[in-house]
Amino acid sequence: MEQPGFTASLVAGGVAGASVDLILFPLDTIKTRLQSPQGFYKAGGFRGIYAGVPSAAIGSFPNAAAFFLTYEYVKWCLYTDSSSYLMPVKHMLAASAGEVVACLIRVPSEVVKQRAQVSASSRTFQIFSDILYEEGIQGLYRGYKSTVLREALWSWRQEHVVDSWQSAVCGAFAGGFAAAVTTPLDVAKTRIMLAKAGSSVAGGNVLSALRGVWRSQGLAGLFAGVFPRMASISLGGFIFLGAYDQTRCLLLQVGREGS
């Protein structure tokens, strides 16, 4: 891939991702509190709805940029003149690779953010320091496997072969459906990230976390927060994909005019 393409993907993905995360942060807080083991109101209810936003703000740009940079690079590496029926598979592989790389940034940010969301009185930096002191670096990567699995299952929706508005609308519908289907994995991820250090759930076993939720809360527990999650990802898919395509096209156009 040419250098302008790398730069455009990096900046466009970062700007779009940061915008979505900050605009829709209240919905994410509500979802996290609905999924928390202590329950919505004990986790803070509607109070302190922006608790944890510094973590999201710091991690959002590099996370989104890493995804789209990897996505565009792998897609370019896989490009051939073969039949078009293989293109969805190539996009899926590229998006999955992007999620694996992006989660290296996303998961530490997510761990700190979610703990701040359910304990609004604690400062983000204090939570970050406590995790490092009590658990080390591995504590920041608690829930990595469940996060990668959740993201990879619906990463196929990423594709940029149509104009930005078509892409945004398709992304919104696909994202909303995928959000509902993968909610149990999201619940497992939240429980793993919020679990006390040394507990069985903190070990990161996704199936064990799901069984625990099923035994204590049943189907309702497995789909806790499904509606704010669907709303957030549907709106986010619309904003993100549209903003990404528009920004990238604009940056590439400016680059061509300046050369």
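**Pockets and a nonpolar patch in a predicted model**

Modeller: In this predicted model, the largest pocket holds about 470 Å³ of space. Its lining is made by 20 residues, and Arg-115, Leu-194, Ala-195, Lys-196 and Ala-197 lie nearest its centre. The elements that give two or more residues to this lining are α5, α9 (183–194) and α10 (206–222).

Biologist: Which element supplies the largest share of the lining of the largest pocket?

Modeller: That element is α5, with six residues.

Biologist: How do you know where empty space is left?

Modeller: A probe the size of a water molecule is rolled over the atoms, and this shows where empty space is left.

Biologist: What makes a residue of the lining of the largest pocket nonpolar, polar or charged, and how do the residues divide?

Modeller: The residue type decides: Ala and Leu count as nonpolar, whereas Lys and Arg count as charged. Therefore Leu-194, Ala-195 and Ala-197 are nonpolar, and Arg-115 and Lys-196 are charged. The whole lining divides into nine nonpolar, four polar and seven charged residues.

Biologist: What is the volume of the second largest pocket, and which residues are the closest to its centre?

Modeller: The volume of the second largest pocket is about 200 Å³. It is lined by 13 residues, the closest to its centre being Ser-55, Ile-58, Ser-109, Val-112 and Phe-128. The elements α3 (53–77), α4 and α5 each give at least two residues to this lining, and α3 gives the most, with five.

Biologist: How many charged residues does the lining of the second largest pocket have?

Modeller: It has no charged residues; nine are nonpolar and four are polar.

Biologist: Which residues make the nonpolar surface patch?

Modeller: Val-101, Leu-104, Phe-125, Phe-128, Leu-132, Ile-137 and Tyr-141 form this patch of about 620 Å². At least two of its residues come from each of α4 (87–117) and α5 (124–135), and α5 gives the most, with three.

Biologist: Why is Tyr-141 called partly exposed?

Modeller: Tyr-141 lies in the loop between α6 (137–140) and α7 (144–152). A residue is buried under 20% relative accessible area and exposed over 50%. Tyr-141 has 31%, which lies in between, so Tyr-141 is partly exposed.

Biologist: What makes up the secondary structure, and what share of the residues is buried?

Modeller: The protein has eleven helices and zero strands. Of its 259 residues, 51% are buried.

Conventions: Residues are numbered from 1 along each chain as its sequence is written. This is a predicted model: local features need pLDDT of at least 70, side-chain atom pairs count only at pLDDT 80 or more; totals for chains, interfaces and linings use all residues. Side-chain values use heavy atoms; hydrogens and water are left out. Patches are made of residues with over 30% relative accessible area and no salt bridge: like charges are joined within 9 Å, nonpolar side chains (Val, Leu, Ile, Met, Phe, Trp, Tyr) within 5 Å. Accessible areas come from the Shrake-Rupley method with a 1.4 Å probe; for residues, only the protein chains shown count as cover. A salt bridge is a side-chain nitrogen of Lys or Arg within 4 Å of a carboxyl oxygen of Asp or Glu. Helices (H or I, at least four residues) and strands (E, at least two) are DSSP runs, numbered from the N terminus. Buried means under 20% relative accessible area, exposed over 50%, partly exposed in between (1.4 Å probe, protein chains only). On a 1 Å grid over the protein atoms alone, a cavity is a set of points where a 1.4 Å probe fits but cannot get out, and a pocket is an open set with protein on both sides within 12 Å along at least five of seven lines; lining residues have an atom within 4 Å of a point. Grid points are joined across faces, edges and corners, and a volume is the space filled by probe spheres set on the points.
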